[in-house]
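Please take a moment to look over the sequence and the structure before reading on. The explanation below is meant for someone meeting this protein model for the first time.

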There are 2 protein chains.
Amino acid sequence: MKGDTKTIILDEALSLFAVKGYDGVTVQDIARAVGIKAPSLYKHYKSKQDIFDAILIETENRYKKQVLSMNMNGSEPEKDKDLFLGITEEDLYEKVKGLFLYYLHDEYAVKIRRMMTIGQYQNERLSDLYKKQYIDDALLYQKTLFQFFIYSGVFESGDPQMMAIQFYAPIYLLMINCDNRSEREKESLAFLKEHVRQFGQLYSNKEK
Amino acid sequence: MKGDTKTIILDEALSLFAVKGYDGVTVQDIARAVGIKAPSLYKHYKSKQDIFDAILIETENRYKKQVLSMNMNGSEPEKDKDLFLGITEEDLYEKVKGLFLYYLHDEYAVKIRRMMTIGQYQNERLSDLYKKQYIDDALLYQKTLFQFFIYSGVFESGDPQMMAIQFYAPIYLLMINCDNRSEREKESLAFLKEHVRQFGQLYSNKEK
DNA sequence: GTCTATAGACGGATAGAC
DNA sequence: GTCTATCCGTCTATAGAC
């Protein structure tokens with residue numbers, strides 16, 4: 001049921017906002033992308049701002065669902081612990097690579113990230129959402145995993161928060177590096193692989 | 001000679017573009033910030049676009065100068081090698097902290113970074129400049145330093161490109177973390193310090 | 001629920017007085 | 001080099017026919 005005009009408007013508006021920002025997009029631009037005339041938009045949303053707000057609400061709902069499905073609610077990622085416990089270095093890289101490519105290529109994820117990026121200094125909600133998603137929650141998730149790895153003896157002891165920063169930051173930087181520059185992707189994936197390898201070697205418990 | 005209207009216009013325009021983006025700022029906004037009426041702007045610049053272009057040219061010139069002054073022209077940072085050669089961990093942290101706080105607090109640097117950030121998907125020049133400054137050149141500089149550290153025996157051998165990524169990425173992430181959220185600064189500086197310490201310990205040559 | 005027509009505000013930019 | 005007055009295009013949004 002995603003083919004209705006009301007949803008198409010949100011999709012096309014997001015595509016435009018993600019490149020040109022709220023002020024750079026006119027309701028006529030949105031209407032043209034949808035294939036209708038501008039006044040027709042107002043049968044679905046009461047204003048341009050209303051379209052923007054609907055995108056934000058949709059984004060927040062999607063993210064909440066994603067967080068719930070990952071059991072990433074600040075407590076423990078019970079499910080994912082099992083996924084990671086007996087993992088090899090190669091498997092870990094494949095997981096990280098999957099997430100990396102998801103954030104670089106998933107249409108919706110890319111557009112939302114770009115819209116948050118370019119609107120963050122105007123709109124506090126965008127700023128908060130970006131930092132929650134790409135910094136706070138990302139670090140919290142990995143910190144919790146590393147805590148568990150240390151507790152379970154897979155990793156040597158260490159500060160799980162520092163480990164999260166040092167593991168995640170290069171992934172984030174390489175993602176920014178490839179954003180809008182897909183020719184960097186191959187090289188970045190090689191760095192990513194080497195990074196995961198080195199991290200595993202550095203912290204894996206050798207006395208096991 | 002920075003008090004003339006022509007320069008003030010650029011300063012005020014930059015302040016506005018850095019928050020609201022090109023399309024979010026009107027020539028009246030700029031004029032109001034300068035303290036004149038909008039039509040008077042046109043005695044100094046022939047269009048709004050012309051103001052924006054002048055900011056970009058100024059930015060590019062400043063950056064070129066900075067690169068030259070750092071001898072960061074892709075060859076070797078001859079000057080900085082001496083600065084870093086006999087350095088202690090504490091000194092290295094102070095240097096990194098200085099740069100970190102510069103990029104977070106220097107008025108011009110912050111505004112330019114934000115303008116590049118929010119304009120990057122509309123304007124290829126902004127995108128290129130951002131990635132050159134905050135990714136490519138930053139990594140190149142550190143890679144070159146680490147190469148020299150390895151060559152001179154201060155560091156154990158390793159891949160200097162990987163070392164640059166792993167050293168710089170957490171600094172970059174922590175900076176993004178503190179951007180527009182100064183309450184995170186104290187904590188981030190503590191992470192930064194620990195990061196520099198761990199990095200030094202990991203790579204410093206123990207057989208010296 | 002789409003359209004045309006249009007209102008009403010505001011945008012960038014120019015003319016011309018001082 | 002600043003101002004006021006103003007042009008003209010575009011913008012968001014509404015009215016009303018179909």
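The paragraphs that follow go from the division into domains to the interface between them.

This is a predicted model, and the domain assignment divides chain A into domain 1, covering residues 1–69, and domain 2, covering residues 72–208. When the centres of these two domains of chain A are taken over C-alpha atoms, they lie 29 Å apart.

The two domains of chain A also touch: on one side 21 residues of domain 1 take part, and they are in contact with 18 residues of domain 2. Between them, domain 1 and domain 2 of chain A bury about 1,800 Å², and 61% of this area is on carbon and sulfur atoms.

Turning to polar interactions, five residue pairs are counted in polar contact between domain 1 and domain 2 of chain A, with both residues of each pair at pLDDT 80 or more. One salt bridge is found across the interface of the two domains of chain A. A salt bridge joins Glu60(A) and Arg125(A), whose closest N and O atoms are 3.1 Å apart.

On the side of domain 1 of chain A that touches domain 2, the elements giving two or more residues are helix H1 (5–24) and helix H4 (48–69) of chain A. The largest share of that side comes from H4(A), which provides 13 residues. Sorted by class, the side of domain 1 of chain A that touches domain 2 of chain A has 10 nonpolar, five polar and six charged residues.

Conventions: Residues are numbered from 1 along each chain as its sequence is written. Chains are lettered from A and ligands numbered from 1 in the order in which they are written. This is a predicted model: local features need pLDDT of at least 70, side-chain atom pairs count only at pLDDT 80 or more; totals for chains, interfaces and linings use all residues. Side-chain values use heavy atoms; hydrogens and water are left out. Domain bounds come from an automatic or database domain assignment. Contact means heavy atoms within 4.5 Å. Buried area is the accessible area (1.4 Å probe) that two parts lose on being put together, summed over both. A salt bridge is a side-chain nitrogen of Lys or Arg within 4 Å of a carboxyl oxygen of Asp or Glu. A polar contact is a pair of N or O atoms within 3.5 Å; within protein, one must be able to donate a hydrogen and the other to accept it, and residues adjacent in sequence count only if both atoms are side-chain atoms. Helices (H or I, at least four residues) and strands (E, at least two) are DSSP runs, numbered from the N terminus. Ala, Val, Leu, Ile, Met, Phe, Trp, Tyr, Cys and Pro count as nonpolar, Asp, Glu, Lys and Arg as charged, and the others, Gly among them, as polar.
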